Amino acid sequence: MDGIKVMRERDIGSARSHQRIVGIAAQAFCYLFLIFMALVVLFPFYWMINSSLKSLAEYKQSVPTFWPNKVLWSNYAEAFSSASLGRLFLNTAYVGIVSTLLSLVITILSAFAFARLEFRGKDLLFSALLATMMIPGELFTITNYSTVTMLGWRNTYTVLIVPFLVSVFYIYLLRQNFLQIPNELYLAAKVDGTSDFKYLCKVMIPLSLPTLISITILKMMGAWNSYIWPRLVANDEAHRLITNGLRNAFTDTTGDVNYPVQMAAVALVSAPLFLVFVFLRKYIMKGVSRSGIKG
């Protein structure tokens with residue numbers, strides 16, 4: 001009996017050791033895979049910085065160098081001046097800030113109406129709005145272009161702001177967050193004589209602040225990265241946004257492109273978005289996770 005007991009304990013110990021080894025191997029493989037994918041994602045950014053510090057002659061070499069032979073920080077100064085990045089930054093910041101503020105007002109009021117107010121056809125209207133999310137945005141380009149042309153909005157800030165103030169996704173996201181707030185708070189506020197607008201400002205907005213921060217960040221990033229629509233309707237010098245401004249700013253009269261200076265400009269443009277993601281990513285994750293699936 002003692003021999004059987006010893007053998008059984010030995011088998012149990014061997015099985016535990018095997019499980020531990022398998023667990024360590026699986027964890028090591030997982031970390032190696034994550035490190036590999038991180039390198040894959042970060043390599044384009046490294047190559048952008050590497051290229052921005054080279055001379056044009058070194059950039060055009062048949063055998064690429066993984067670090068410049070001579071670091072040229074002057075490419076960044078040249079990029080800022082030759083592309084008028086200051087003007088492009090101001091145009092993009094103006095469009096992004098104004099469109100974000102107006103979009104937040106529309107999103108908050110719409111989400112509150114669908115989450116708390118009772119009116120005939122509310123569910124049908126909300127379903128119709130959600131159905132529009134299945135339509136690719138590119139299908140609206142022709143009709144939107146015809147509309148803004150008819151209104152005389154081309155080459156103005158209005159055409160860059162107004163057509164994209166309403167986002168069904170943001171309304172849905174915030175509505176789901178509003179639905180998680182107990183309805184008893186709303187009923188108690190109504191008993192105390194609190195107006196809907198005051199209840200929205202004093203209770204619902206503070207409780208939904210993470211989601212509102214996420215919407216703000218995503219809206220600003222969308223405005224910063226916008227390319228096709230601004231190029232189509234407002235590509236003049238006074239209203240050009242930063243994505244379009246970098247398109248042909250570094251091409252000379254012969255058609256040659258100064259790629260290192262262009263990469264320096266791209267690095268300058270990408271830096272704000274990179275910093276926003278690094279320092280505010282937890283708010284994006286928190287806001288999306290708190291939206292839930294209720295309702």
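**Figure 1. Contact between helices α10 and α11 in the predicted model.** I205, P206 and L207 of α10 are in contact with L209, P210 and L212 of α11. The structure shown here and in the following views is a predicted model. Helix α10 comprises residues 196-207, and its axis comes within 5 Å of that of α11, the two crossing at roughly 70°. Because of this angle, α10 counts as roughly perpendicular to α11. The contact of α10 with α11 consists of 6 nonpolar residues, with no polar and no charged residues.

**Figure 2. Crossing of helices α5 and α8.** Helix α5 (residues 122-131) and helix α8 (residues 168-179) have axes that come within 9 Å and cross at roughly 130°. Helix α5 is therefore oblique to α8. The crossing of these helices, α5 and α8, is left-handed. On the α5 side, the contact is made by F126, L129 and L130, and on the α8 side by V168, Y172 and R175. Classified by residue type, the contact of α5 with α8 has 5 nonpolar residues and 1 charged residue, and no polar ones.

**Figure 3. The largest pocket and its lining.** The largest pocket holds about 990 Å³ of space. Its lining is formed by 30 residues, and those nearest the centre of the pocket are G137, P163, F164, V166 and K219. Two or more lining residues are given by each of the elements α4 (85-115), α6 (141-151), α7 (158-161), α8, α11 (209-225) and α12 (228-233). Of the elements, α11 gives the most to this lining, with 4 residues. The lining of the largest pocket divides into 20 nonpolar, 8 polar and 2 charged residues.

Figure 4. About 220 Å³ of space lies in the second largest pocket. The residues that line the second largest pocket are V41, L42, F45, S270, L273, F274, F277, V278 and R281. The largest share comes from α14, which contributes 6 residues to the lining of the second largest pocket. By class, this lining has 7 nonpolar residues, 1 polar residue and 1 charged residue.

Definitions and conventions. Residues numbered from 1 in each chain as written. Predicted model: local features only at pLDDT ≥ 70, side-chain atom pairs only at ≥ 80, totals over all residues. Heavy atoms only, no water. Axes fitted to C-alpha atoms, helices over the stretch in contact; angles between N-to-C directions. Parallel < 35°, antiparallel > 145°, perpendicular 65-115°, else oblique. Left-handed = near helix turned anticlockwise from the far one by under 90°. Contact = heavy atoms within 4.5 Å. Nonpolar A, V, L, I, M, F, W, Y, C, P; charged D, E, K, R; others polar. 1 Å grid on protein atoms, 1.4 Å probe; cavity = no way out; pocket = protein on both sides within 12 Å on 5 of 7 lines; lining within 4 Å. Points joined across faces, edges and corners; volume = space filled by probe spheres on them.
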